[in-house]
Amino acid sequence: MSEPQAESEPLLGPARGGSGRDCPQGLLACSNVQIGPGATARQDLCIDQAVVFIEDAVQYRSIFHRMDARSMWLYRWYYSNLCQRTLSFTIFLILFLAFIETPSSLTWTADVRYRSLPWEPPCGLMEGVELLCLLVFVADISVKGYLVGWSQFQKNLWLLAYLTVLVVSLVDWTVSLSLLCQELLRMRRLLRPFFLLQNSSMMKKTLKCIRWSLPDMASVGLLLAIHLCIFTMFGMLLFTVGEKDTEPNRERLAYFRSLPESLTSLLVLLTTANNPDAESEWCSLCGDKWRRSVAPPVASLGPSHFPRRRPGPAERGFFFASVMIPAYSKNRAYAIFFVVFTLIGSLFLMNLLTAIIYNQFRGYLMKSLQTSLFRRRLGTRAAYEVLSSVPGQAGATPEAIGVRPQNFLQVLQKVQMSSSHKQAIMEKVRSYNNVLLSADEFQKLFDELDKSVIKEHPPRPQYQSPFLQTAQFLFGHHYFDYMGNVIALGNLASICVFLVQDADVLPGNRDDFVLGILDCIFILYYVLELLLKVFALGPWGYLSYPSNVCDGLLTSILLVLEISTLAVYSFPHPRWKPEMLGLLSLWDMTRLVNMLIVFRFLRIIPNMKPMAMVVSTVLGLIQNLRAFGGILVVVYYVFAIAGISLFRGTIVAPFGNGSLAPANGSASCGSFEQLEYWANNFDDFAAALVTLWNVMVVNNWQVILDAYERYVGPWSKIYFVLWWLVSSVIWVNLFLALLLENFLHRWDPQNHEQPLAGNLEAAYQMSEELMFRDILEEPREEELTEKLRRHPHLWLCR
């Protein structure tokens, strides 16, 4: 086995128990009837192959790669922590370059009025770092290509795309350097997120599931488009100026003047961003300024003036805020139009889209996770087939098929996996003594990987004195934690009282004597509580609880800050108002201490089961659903780079590089200029990310939409609407679907016996595979055997 010319042979021989004459000449094979010096080398090879197969199963990796000794050494080196962390850092570095390279984000503010000229790196500096990253990726794809073989490389679309992206990036890098970094567009910037995608198998699966779900999303999207078009035509017909109208139709001129503006108005209304409350809020901010900016009252204008007058950009910025109020103020029956539109669009179609994404994506996610389960079962079955063919001792019967426990223990010693899972599997293997493991028994051993791990705490110290034993019982009881929570609540209440009393008092006029005394008392109690818990649980027992680690760290910081405050400003006394000494004033030190005290109050979360359930779900999403966050990073990155290419420099500071004067009538109430949204621009990468975030949450996004229409052109709406569809509609609903699935799974009564993440008694994490493990189907024996027969890089005969 392992010779290059034999790598295309199948894995399994013609029949179990076959002799060596069934093997091709010149091909090394693991046979359970051969002994001698060559058998020892073949046994070591089979052991190493089993190690690689089991590691593939643990990590849900494909087993279709080269299996000779040299390739397996390279394979394990490639998936070592050093190589994988180097690759991850390289991906992070090449993505982070967008913050530093031109246009640089190295300024204190993104506001075009106050932003200074950023530092621009010289040509070749960032390009040199980028070249190093690209060379790492070249080495990465070279190793992957060698390990899977050329035939598999040609069939793998991700590897082909990886190669294409690298070639395009290197060509674009060469062009950039030849033009002295003065090119208008750097195509390789848009391709950088691909390096993040291709390095995560779960992100690939998520992207595939999204692609498969797009037809169902498109059907609801088509309904939304029809809904918008129909109500747009209704609105243009309903709010048109009639022959008998004696007053101008504000609704017609503000929202339904043309088809594009009508569609935009209703689209923004669909997101409830321009609900009627916005007008009263903005008018209260502007006051008389708006009345001056809008010019004479609308009622004073005759019909001969207003119909011929197109509202200016500033006026449209205000009118855009409240699409319903002008019509409703004229005739209450007009409210029916907007209520029906919102009812169908926002409450029915948008929620229907969420339901479809939840249903369809969960189905496709199940298929993806079923593939992961199949990979694990295939890897463990391949390890069984290899170990069952390990050369046996003299006198072994060829008919006895199975894995010797001692061989499996030898493999487990080399496998890289969680120490707790490894220990649990090894204990089960030892229970078999010298009985051969069957395929079913071998497979069931790896069910330990699907079990949650309960963290065992170190034993408490043993005290001989009855007094110390009683004290240990009292201070180690959970009621002592409850008392600490009550004290922390009292501390928080005292801070709230002083914040309310001193809300309108300047720092120089505040008397911090009482608050300073209370802070000293509470901090002393926290230190005493820490020492008593260490006495009751022992140092290692105290540190074995994550909540105690956080609590102890905050208490230590509070003690250091309090000692520093007393050392600099002495002990609190009436009229305690010393001058500022050192880096922070007394008020700043007090604020910092109180902020840490408020943060320390979060210690109550593990003691409340419903709250712990919610927090555990949130932590589980952060820890285990990283693929969805990665997809969002990719989308943000691509849209931010595209936005810089399209809109960089379009938002220009007003004349004089200062804020518009309050009496300036050129900025209407609620407009981009009046709200001072100047930091919402695409002049650098960091500013572009924040602008995209503001649009994604659709709060006042119509203001940004209107501003870029005026500064750039009507086509800019396509960019922002497309971003809204991708981020707010698809990704947010997708995340909501997974959040619901996670909550439903954790609230399932069948899962309540499992410990909660964040609980004081256990450390529990749940990945996507474990989350849906109980509803996945086990692969059939025939499927595993057929797949193993197609392995292109391993030949095995018995």
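A: **The α3 and α4 pair**

In this predicted model, the axes of α3 and α4 approach within 10 Å and cross at roughly 150 degrees. Angles over 145 degrees count as roughly antiparallel, so α3 is roughly antiparallel to α4. The crossing of the two helices is left-handed.

Now the residues in contact. The α3 side comprises L87, T90, I91, L93, I94, L97 and I100. They meet M126, V129, E130, C133, L134, V136, F137 and D140 of α4. By class, this contact has 12 nonpolar, 1 polar and 2 charged residues.

Next, the connection. The loop between α3 (81-100) and α4 (125-148) holds P103. A cis peptide bond joins T102 and P103. Its omega is about -5 degrees.

Most residues other than glycine have a negative phi, and most peptide bonds are trans.

Two further loops carry a positive phi. L180 lies in the loop between α6 (157-178) and α7 (187-191). Its phi is near 55 degrees, although L180 is not a glycine. L180 has 58% relative accessibility, so it counts as exposed.

N433 sits in the loop between α18 (419-430) and α19 (439-445). N433 has a positive phi of about 55 degrees and is likewise not a glycine. At 57% relative accessibility, N433 counts as exposed, because the cut-off for exposed is over 50%.

Methods. Residues numbered from 1 in each chain as written. Predicted model: local features only at pLDDT ≥ 70, side-chain atom pairs only at ≥ 80, totals over all residues. Heavy atoms only, no water. Helix = DSSP H or I, 4+ residues; strand = E, 2+ residues; numbered from the N terminus. Buried < 20%, exposed > 50% of the residue type's maximum accessible area, 1.4 Å probe, protein only. Axes fitted to C-alpha atoms, helices over the stretch in contact; angles between N-to-C directions. Parallel < 35°, antiparallel > 145°, perpendicular 65-115°, else oblique. Left-handed = near helix turned anticlockwise from the far one by under 90°. Contact = heavy atoms within 4.5 Å. Nonpolar A, V, L, I, M, F, W, Y, C, P; charged D, E, K, R; others polar.
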